[in-house]
Amino acid sequence: MKIFSVWAILTLGLYVLQTSFLPMFSYNGVSVNLMLLLTVSIAFLKGHHWGVFVGFAVGVLHDLTTGAFFGCNIFIYMSLGFLCGKFSDHIFKEQFILPVFSSLLTTTFYYFMMTAFLHMLDYKLNLQWSLQYTLIPMLCYQFLFAYPIHKLVFEVNKRFKK
Amino acid sequence: MSDKIRREKKSGKKIAALIFVFVSVFCLVFFAARGRFQAPIANKTVALILSPFQNSISWIGDKLSFITTTVSDIMHVHEQNKILLSEVEELRAKNIAANEFEAENQRLRALLGYKQVAVQFDLEPARVIGRDAATWSSMIIVNRGTADGIANDMAVVTEMGLVGHVIDAGINTSKVQLILDPRSSVGTLIQRPESRVAGIVEGDLNNPTMPRMVNIPKNSDVIVGDVIVTSGFGGVYPKGIVVGKIKDIQNEESGLLKYGVVETTVNFQKLEDVAIITQSREAPPAPLEQNNQQ
């Protein structure tokens with residue numbers, strides 16, 4: 001129970017930071033998505049069961065508050081939690097290079113999944129413009145915050161591991 | 001051997017459950033997008049839990065922003081002082097002229113009944129305490145909710161013009177959909193008396209900072225620079241609120257209609273304080289017209 005409370009507090013804290021404080025440093029309306037980084041880090045460290053669970057919880061939180069279409073973020077976070085969690089057994093937990101660089105891949109995955117959902121919901125998107133003004137800033141922000149978030153998750157996980 | 005079979009059965013069940021969850025969530029997206037699935041209680045609960053924290057962090061952010069601005073100002077104060085001294089004389093002269101303009105402005109305002117136009121709205125001031133991380137949706141969260149008399153579909157404005165409308169009023173926070181959101185559509189008119197062409201302003205995913213005014217007939221006389229105001233059709237937005245001005249006019253793909261790229265009067269990147277129109281009344285007749293009739 002204690003371990004769940006710790007992760008819940010961490011998630012809420014990061015989410016509040018993401019929606020209230022970090023948008024002050026946004027570029028063209030795009031700022032860092034800490035929930036994505038949190039899901040990926042937890043999945044890498046704790047496996048796909050936790051990855052899917054955290055992806056679901058974080059997705060619900062995101063979709064209920066500021067999400068565009070209910071379910072999109074849940075689906076994408078869960079998918080990422082599952083996929084990254086599958087690598088959990090094959091990486092050294094103390095090595096930060098893979099999780100940090102994987103933030104670029106996961107962000108690209110998130111972007112294209114969201115674009116796919118928008119297309120399926122009949123929203124037209126100029127991909128070239130969007131790649132330049134949405135994906136590139138997103139990648140920069142995510143890469144910048146990937147290490148601190150992974151380090152934070154790693155320390156919390158180490159401290160509160162059963 | 002039996003252990004192995006039991007483990008395989010368990011693993012199979014897990015995979016089936018996982019596939020079920022993924023498919024359910026995927027379907028949920030399309031149900032929710034068409035309005036067939038809503039979770040208002042969960043929405044309100046989450047908003048209620050998060051709002052105190054968002055308020056606090058937003059407040060800290062404001063203070064930090066204030067401190068950094070102050071420090072930056074102090075660093076440049078010496079240089080600024082020299083420039084300012086030379087400007088003081090110039091400004092003194094301008095001030096006299098400005099006072100004249102102010103007096104003239106006040107007279108004109110009284111004459112045109114601007115004040116009376118303003119009192120047709122009951123406004124509830126609110127502070128922006130949260131906004132989405134990406135540009136998929138243009139949504140903000142403000143620190144006023146049903147406890148302050150806020151309800152869904154109330155228009156949100158600033159002194160510069162239209163911001164959006166409340167789509168989900170919680171107890172002490174509300175979710176506001178900006179006019180930049182692709183799902184938003186605002187009934188509008190060209191303000192120019194000779195034109196008065198009606199159209200719909202909707203968000204553009206390809207240009208999240210500039211919405212488009214669509215459904216403009218090809219033979220209409222809309223020109224670049226025309227000011228757009230709300231038409232009052234649809235019941236959400238009261239009539240006469242400034243939305244922006246036409247920056248560019250393009251032909252629709254169909255060839256029958258054209259659309260205008262709208263430069264909003266509100267700077268959405270620097271949106272900090274807004275006002276929610278809790279009640280709007282029919283505007284009283286302008287004093288100038290009354291005088292003319294008499």
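Reader: Why are α5(A) and α6(A) called oblique to each other?

Author: This is a predicted model, in which local features need pLDDT of at least 70 and side-chain atom pairs count only at pLDDT 80 or more, while totals for chains, interfaces and linings use all residues. Residues are numbered from 1 along each chain as its sequence is written, with chains lettered from A and ligands numbered from 1 in the order in which they are written. The axes of α5 (residues 97–120) and α6 (residues 127–160) of chain A come within 8 Å and cross at roughly 140 degrees. Angles under 35 degrees count as roughly parallel, over 145 as roughly antiparallel, 65 to 115 as roughly perpendicular and the rest as oblique, and α5(A) and α6(A) are therefore oblique.

Reader: Which residues of α5(A) meet α6(A)?

Author: Contact requires C-beta atoms, placed from the backbone, within 7 Å; P99(A), V100(A), S103(A), L104(A), T107(A) and Y111(A) in α5(A) meet residues of α6(A) including L135(A) and H150(A). The residues of this contact divide into ten nonpolar, four polar and no charged.

Reader: What makes D122(A) exposed rather than buried?

Author: A residue is buried if 20 or more other C-beta atoms lie within 10 Å of its own, exposed if 12 or fewer, and partly exposed in between; D122(A) has 7 and is therefore exposed. D122(A), in the loop between α5 and α6 of chain A, has a positive phi of about 70 degrees although it is not a glycine.

Notes. Axes fitted to C-alpha atoms, helices over the stretch in contact; angles between N-to-C directions. Helix = DSSP H or I, 4+ residues; strand = E, 2+ residues; numbered from the N terminus. Contact = placed C-beta atoms within 7 Å. Nonpolar A, V, L, I, M, F, W, Y, C, P; charged D, E, K, R; others polar.
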